[in-house]
Amino acid sequence: MVSSLNDIIIAIAPTISDQLITPSALAAIGTVAEQLPLTLGTTVGFECPLSQPTEADFFLRVSGAWGQSLLAGQPLTLPVLSQLHREPELMPPGFTDLWTQTPWHHIQQLARLWQSPQQALQSEIEDIWLEFDINQNNAELPVPSSFFGLKESRGNSLDWIGQQALPALLGRTLPTDTQHTLQQCLSTLSPTTPLFQVGALSGRVSQSDDVPGLRLYIKDMTLQRIRSMLQQLNWSGDLDLLTPLLSGVCHGAQSLSLQLEIHHELSPHIAVECYFGQKNDWQQVLNRLVTMGICSCDRAAALLAYPGYIRSQDNLAPFPALLQHWSDQLAPYRECLLVKRLAYLKFTYQPGQPLNAKAYLGVSPTWVDGRYLDPVFDNSHPELLHQPEDNTIQLCKALIQQLDYGEIDVDTIFPHQRSQKSHWLNKALTLMTVGG
């Protein structure tokens, strides 16, 4: 069967308000997604400006052995897939031709370093993210900006970023001044302010650029730490203006991350990502953004209505056939859901420009025990609730491990709750959909 990431876009399209992504913008995203294999991305998502719903960008996360292999251009036959009786997944037409294009070839080189046990990057990189700036008037697959996530460094040296990973992604060594600025930024990090993502803005290269801009993402920040780090880096923006702006929009965030940008030297253009752990926190920050004129009431309501999950039996739109095929074979012990998340808000500051706000929305195939999705199951089928783990569940866990799809296993997450498994599953799903 031919499958693509557009299968997910089609499945969730009826649940996306026009206030978030217009039909024409969603169709343009679908044009990009249909050129990429379904199993390439363990999460897909949308970057939605809060000022207007006329445009949205598209991103995906690549992780796990299967995603690594696809991105490296070295398809791998996974033993577990042969046990799930199906025809081999057919790649979208033209996918393998991407590697002949220079930017994609560079992404492939990074993926091969990441995949290889002989390379240090295998133990350093957690995942790779591809972000596409969508042009509704262009049917061609745009060049993505590429980012790699870091595993917990535990004090390891970060020299590999400038010496191996970024040169592979750029297809050249870093210019001296860019390398110097990168080292300056890395030297300000501490165990309490770890680097969690690095990337190259390959999708936004102008003719005057010799190399794409670089981005560094630093997590576990506070507004005080952000101010201190920017002072230490001699940031050229106005901290006295920035601090109250961020204080007004980031209040109530569970955590913050800082985004730095390098174009040979540190750019005055920065961004702060705000993560909120409860739906009530989202409600409060969106209320403030409406009051500030950054977001409309309708768009705020559409954002709050977005999180949730889709089952194949909902019949809103065709469910991805490949995921349905696996679910059918693993039922009733495991079922694949499409879990829709409010991920975070990003506020971008550029001197002389108003604060720009975007919402990031995610969709992840996630496996759950299908027996617990029915709220009356606990009482109607008690004989099935205490069966030992069988081959079906073991097979699903192997599939999850190799494809790196998510799983909510209530027996593991809530080991002391011996009843009301449906209640605890829905509680876990609710937490997951709003950034938990």
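The protein chain exposes about 18900 Å², and carbon and sulfur atoms supply 50% of that area. Accessible areas come from the Shrake-Rupley method with a 1.4 Å probe, and for residues only the protein chains shown count as cover. The model is a predicted one, in which local features need pLDDT of at least 70 and side-chain atom pairs count only at pLDDT 80 or more, while totals for chains, interfaces and linings use all residues. Residues are numbered from 1 along each chain as its sequence is written, and side-chain values use heavy atoms, with hydrogens and water left out.

**Overall make-up**

The chain has 436 residues, of which 54% count as buried (buried is under 20% relative accessible area, exposed over 50%, partly exposed in between, with a 1.4 Å probe and protein chains only). There are 17 helices and 13 strands; helices (H or I, at least four residues) and strands (E, at least two) are DSSP runs numbered from the N terminus. Among contacts between residues at least 6 apart in sequence, 72% join residues at least 24 apart, where a contact means heavy atoms within 4.5 Å.

Helix H12 (residues 297-305) gives an example of a covered element: its buried residues are Arg299, Ala300, Ala302, Leu303 and Leu304. Their cover includes strand S1 (43-49), helix H11 (279-291), S11 and S12.

**Pocket and cavity**

The largest pocket has a volume of about 1200 Å³. Of its 50 lining residues, Asp127, Trp129, Phe196, Gln197 and Lys219 are the closest to the centre. Strands that give two or more residues to this lining include S2 (57-62), S3 (125-132), S5 (195-200) and S6 (214-221). S12 supplies the largest share, 7 residues.

The whole structure holds 1 cavity of 30 Å³ or more. Its lining consists of Leu223, Ile226, Arg227, Leu239, Leu242, Thr243 and Leu246. Helix H9 (223-232) and helix H10 (239-250) each supply at least two of the lining residues, and H10 gives the largest share, 4 residues.

Both kinds of space are found on a 1 Å grid over the protein atoms alone: a cavity is a set of points where a 1.4 Å probe fits but cannot get out, and a pocket is an open set with protein on both sides within 12 Å along at least five of seven lines; lining residues have an atom within 4 Å of a point. Grid points are joined across faces, edges and corners, and a volume is the space filled by probe spheres set on the points.

The table sets out both linings by class.

**Aromatic pairs**

A search of the whole structure finds 14 aromatic pairs. Rings of Phe, Tyr and Trp (its six-membered ring) pair if their centres lie within 6.5 Å; planes under 30 degrees apart count as stacked, over 60 as edge-to-face and the rest as tilted. Phenylalanine 59 and tyrosine 360 form a tilted pair, 6.0 Å centre to centre with 40 degrees between the planes. This pair links distant parts of the chain, with phenylalanine 59 in strand S2 and tyrosine 360 in strand S12, 301 residues apart. Phenylalanine 59 is buried at 10% relative accessible area, and tyrosine 360 is buried at 2%.

Tryptophan 99 and tryptophan 104 make an edge-to-face pair, 5.8 Å centre to centre with 75 degrees between the planes. Both of these tryptophans are buried. They belong to a cluster in which ring pairs link Phe46, Phe58, Phe95, Trp99, Trp104 and Phe132.

**Backbone exceptions**

Most residues other than glycine have a negative phi, and most peptide bonds are trans. Aspartate 220 has a positive phi, near 60 degrees. Aspartate 220 sits in strand S6 and is partly exposed at 38% relative accessibility. Histidine 264 also has a positive phi, of about 70 degrees. Histidine 264 lies in the loop between strand S7 (255-263) and strand S8 (265-266), partly exposed with a relative accessible area of 28%.

A cis peptide bond, with omega about 0 degrees, joins alanine 331 and proline 332. Proline 332 is in the loop between helix H13 (321-330) and S11.
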